[in-house]
Amino acid sequence: MDEESPTPSDGPAGYDPEAVRAKYLAERDKRLVPGRAAIRDLTVDAHFARYRQDPHTPFRQRAPVVDDVDVVIVGGGIAGVLAGAHLRKAGIDRIRILDLAGGIGGTWYWNRYPGVMCDVESYSYLPMLEELDYIPTRRYAFGDEIRGHLEAIADRFDLQADALFHTGVTGAQWDEEAARWRIATDRGDRISSRFYVLAVGILNLMKLPAIPGMEDFAGRSFHTARWDYAYTGGGPQEPLTGLAGKVVGLVGTGATGIQCLPPLAESAARVYVFQRTPSAIGVRDNRLTDPTFADGLEPGWQRDRMDNLQAIILGRPVEVDLVDDGWTHHFAAVQQPPRKKGMTPAEYMRSAEEIDYRIMDEHRRRVEELVTDPATAEILKPYYRYLCKRPCFHDEYLPAFNNDNVTLISCPAGFERITEKGPVIDGTEYELDCLIYGTGFEAEMTPLHRRAGHPIVGRGGVTLADKWADGAASLFGMMTRGFPNLFVMPAPGQQAVVTVNYTQLAVLGAEFIGGAVRLLEEGGVDAFDVSAEAEENWTQKIVDSFIDGSSVMSACTPSRINNEGHPEAMNPRNGSYGRGMGDWFGYRDLLEHWLEAGTFEGLELDVRSPAP
Ligand SMILES: Cc1cc2nc3c(=O)[nH]c(=O)nc-3n(C[C@H](O)[C@H](O)[C@H](O)COP(=O)(O)OP(=O)(O)OC[C@H]3O[C@@H](n4cnc5c(N)ncnc54)[C@H](O)[C@@H]3O)c2cc1C
């Protein structure tokens, strides 16, 4: 954003900052109810164990595998597939991907709800488009296209044949003598590997709110990350024929809920949408890819495009906005409000608040334009600052409320309870055939060891959970002392960088891991560990970059973004590298220089078999 750009001075018509603040706080307070963040822990909850089962691929018995390989990668999503591809490029032969899922895709394997699509544009989000000579068919691709593309990458780099699907890793332990990771699974496998890569996901744990009586519900129920097509009929892009004549309840109006409401509205007899907090729904403008899109694209175009998006988000000057969507218009404007020369901090804060108000007001006006019933429209208007909740973009969600069979039920404080018939709100019981939880995922802030779902035991029997009990400690957010030959794919809240396009971060992580393993192989290194000094330095950089946003975030309606109303509890050690992603000593610069130097700076090496 240009430093000299003008900022609004008179304020939008009718803008009264005090009144807006009061309204936002009142909306927050309606939602700050005790127990609102309580969840049923699906990783251990016996009653809801069926919610985790894979509805997409039949489970097949197989004999346990006993094996020694070069690399085990836990997770076959974007991160795991990219790590595998770059390890192949580094010449690594024996790679095993292990995943609880029945196939490649991670997020895109599990999430097949109707209408599922990426919300960062496809040309930046689908990885390796140039290598695979592939152009996504739409500006925002549907999930099956993304999954298909990830499978194509896995095939190109021959990662599927040795992958073990429907296989949960239950433990991993570093064996000092053998300089190997020993990995156990729920299929009785015993696999050892030189390198261990955690690509376990950022939004991989389904979140299920704890609601009194929820186990009594006698109808069908499921979470959107395990869509039950056996019941609803149809498919991600097909009518849900099984819902004819059925009354469906949809809980949750975040990124998932907004995508699956329009198809539900088309097929069910009635849909009740239960909303705690409305999302800000910006313009999507999805469309088929222009047939001329690929004309004149130069090699390196996808990296440039990702950089262009990231630069705009970081408020850096660019010649052209290649992505040109709600992320680059609204998100970037709020994330990096322009700072006029000579502005005092207070003036800057006021100006930022006003820009935020204009954008949120635009969203509220959009609701008025698209939703015909004024009472429904009012409930759908978001009253909070733009970054309080992950922004959403959709063009069919709001108009879906104009259908006679769709009813919006506002429940800022959540449900009173669920009976065998359905939810009870303000004393009214809503009788349902089917209750669908579009309630999202545990936040990226969920500790890595919990997302990994298994103990990771390093030198001296120390677990990663213990080591990171007071916050992460790492080099580049990818290696941690006491856990030799372990790489963790970088993730937000884990000492890497913040990004709206996760793929860009995964590409960097995968390139780094591939490059580092190549160097380690060439150097005849059996085991590496992070030096204490390097880990302290990196962790200190992260702590120093921490910006305490709790004064602004505490005024937000609660969501995973503000730690469910407790932004003050965010741990600076679990923050991000302050210089961002790209150039100017950004994260990528650091990683690329580290690889180019080839000196293993910050690592302690155990070289038992020098290279010939
Ligand atoms: C519907 C939806 C849309 C999204 N859209 C976008 C978007 O547009 N842009 C964006 O940047 N991000 C988006 N995200 C976030 C998305 O999660 C990431 O972009 C990305 O897909 C994460 O990839 P990953 O490989 O890190 O993790 P995942 O895709 O979650 O893969 C991790 C895999 O690890 C497996 N696993 C974990 N623990 C174990 C274990 N112990 N044993 C065996 N297997 C294990 C899991 O089963 C999972 O398959 C979206 C998320 C969702 C849910």
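Reply: Start with E131 and K89, whose side chains meet in a salt bridge, 2.2 Å from N to O. A salt bridge here is a side-chain nitrogen of Lys or Arg within 4 Å of a carboxyl oxygen of Asp or Glu.

Me: Where do E131 and K89 sit in the chain?
Reply: E131 is in the loop between α4 (122-125) and α5 (143-156), and K89 is in helix α2. They are 42 residues apart, so the pair links distant parts of the chain. Helices (H or I, at least four residues) and strands (E, at least two) are DSSP runs, numbered from the N terminus.

Me: What is this model based on?
Reply: This is a predicted model: local features need pLDDT of at least 70, side-chain atom pairs count only at pLDDT 80 or more, and totals for chains, interfaces and linings use all residues. Residues are numbered from 1 along each chain as its sequence is written, and side-chain values use heavy atoms, with hydrogens and water left out.

Me: How many salt bridges does the structure hold?
Reply: 39. One of them joins R96 and D67, with the closest N and O atoms 2.8 Å apart. R96 is in strand β3 (residues 95-98) and D67 in strand β2 (residues 66-74).

Me: Is R96 buried or exposed?
Reply: Buried, at 12% relative accessible area. D67 is partly exposed, at 24%. Buried means under 20%, exposed over 50%, partly exposed in between (1.4 Å probe, protein chains only).

Me: Which residue meets D68 in a salt bridge?
Reply: R94, at 3.8 Å from N to O.
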